[in-house]
Amino acid sequence: MFELLNVGLEMQKRMIDIQMQGVEAARQMVDAAQRNAEAGLAATRAGEAGMKAMKGWMRLWGMRD
């Protein structure tokens, strides 16, 4: 009887461990998505700064923008 109870508890423990691994994997995916979004925003800002610099250069040389 106790052996059966021990087996049941061990199975429960393994299921909890598997669920915690899934939670950790999901957390890592969210972190990665957030980093990708931040990198995309930074790239957009860099592109906008580059475009502003190019327009300034064109104005300096009397070109139309």
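Trainee: Which residue forms a salt bridge with Lys 13?

Mentor: This is a predicted model, so treat each contact as a computed one. A salt bridge here needs a Lys or Arg side-chain nitrogen within 4 Å of a carboxyl oxygen of Asp or Glu. The closest N and O atoms of this pair are 3.4 Å apart. The partner of Lys 13 is Asp 17.

Trainee: How many residues apart are Lys 13 and Asp 17?

Mentor: Both lie in helix H1. Their spacing is about one turn of the helix. In residues, that is 4.

Trainee: Is Asp 17 buried or exposed, or partly exposed?

Mentor: Buried means under 20% relative accessible area, and exposed means over 50%. Lys 13 has 46%, so Lys 13 is partly exposed. Asp 17 has 36% relative accessibility. Asp 17 therefore counts as partly exposed.

Trainee: What is the N to O distance between Glu 10 and Arg 14?

Mentor: Glu 10 and Arg 14 both lie in helix H1, 4 residues apart. Their side chains meet in a salt bridge. The N to O distance is 3.3 Å.

Trainee: What is the relative accessible area of Arg 14?

Mentor: Start with Glu 10, which counts as partly exposed at 35%. The cut-off for exposed is over 50%. Arg 14 is exposed, because its relative accessible area is 53%.

Trainee: Which residue meets Arg 27 in a salt bridge?

Mentor: The two side chains come to 2.9 Å, N to O. The residues are 3 apart in helix H1, so about one helical turn separates them. Arg 27 is partly exposed at 45%. Its partner is partly exposed too, at 34%, and that partner is Glu 24.

Trainee: How many salt bridges does the count come to?

Mentor: Glu 10 meets Arg 14. Lys 13 meets Asp 17. Arg 27 meets Glu 24. The count comes to 3.

Trainee: How many helices and strands does the protein have?

Mentor: Helix H1 covers residues 2–60. The secondary structure of the protein comes to 1 helix and 0 strands.

Trainee: What is the radius of gyration of the protein?

Mentor: The globule rule gives 11 Å for 65 residues. The protein is well over that, so it is more spread out than a compact globule. The C-alpha trace spans about 90 × 10 × 5 Å along its principal axes. The radius of gyration is 28 Å.

Trainee: What share of the residues counts as buried?

Mentor: The protein has 65 residues and an accessible surface of about 6,200 Å². Carbon and sulfur atoms hold 65% of that surface. The share of residues that count as buried is 0%.

Trainee: What is the area of the nonpolar surface patch?

Mentor: Met 51, Met 54, Trp 57, Leu 60, Trp 61 and Met 63 make the patch. Of these, Met 51 sits in helix H1. The patch area is about 720 Å².

Trainee: How far apart are the mean positions of the positive and negative charges?

Mentor: The protein has 9 positive and 8 negative charges.

Technical notes:
Residues numbered from 1 in each chain as written. Predicted model: local features only at pLDDT ≥ 70, side-chain atom pairs only at ≥ 80, totals over all residues. Heavy atoms only, no water. Patch = residues over 30% accessible without salt bridge, like charges linked within 9 Å, V, L, I, M, F, W, Y side chains within 5 Å. Areas by Shrake-Rupley, 256 points an atom, 1.4 Å probe, with all protein chains shown as cover. Helix = DSSP H or I, 4+ residues; strand = E, 2+ residues; numbered from the N terminus. Buried < 20%, exposed > 50% of the residue type's maximum accessible area, 1.4 Å probe, protein only. Rg over C-alpha atoms; globule rule 2.2 N^0.38 Å. Lys, Arg positive; Asp, Glu negative; His and termini not counted. Charge placed at Lys NZ, Arg CZ, Asp CG, Glu CD.
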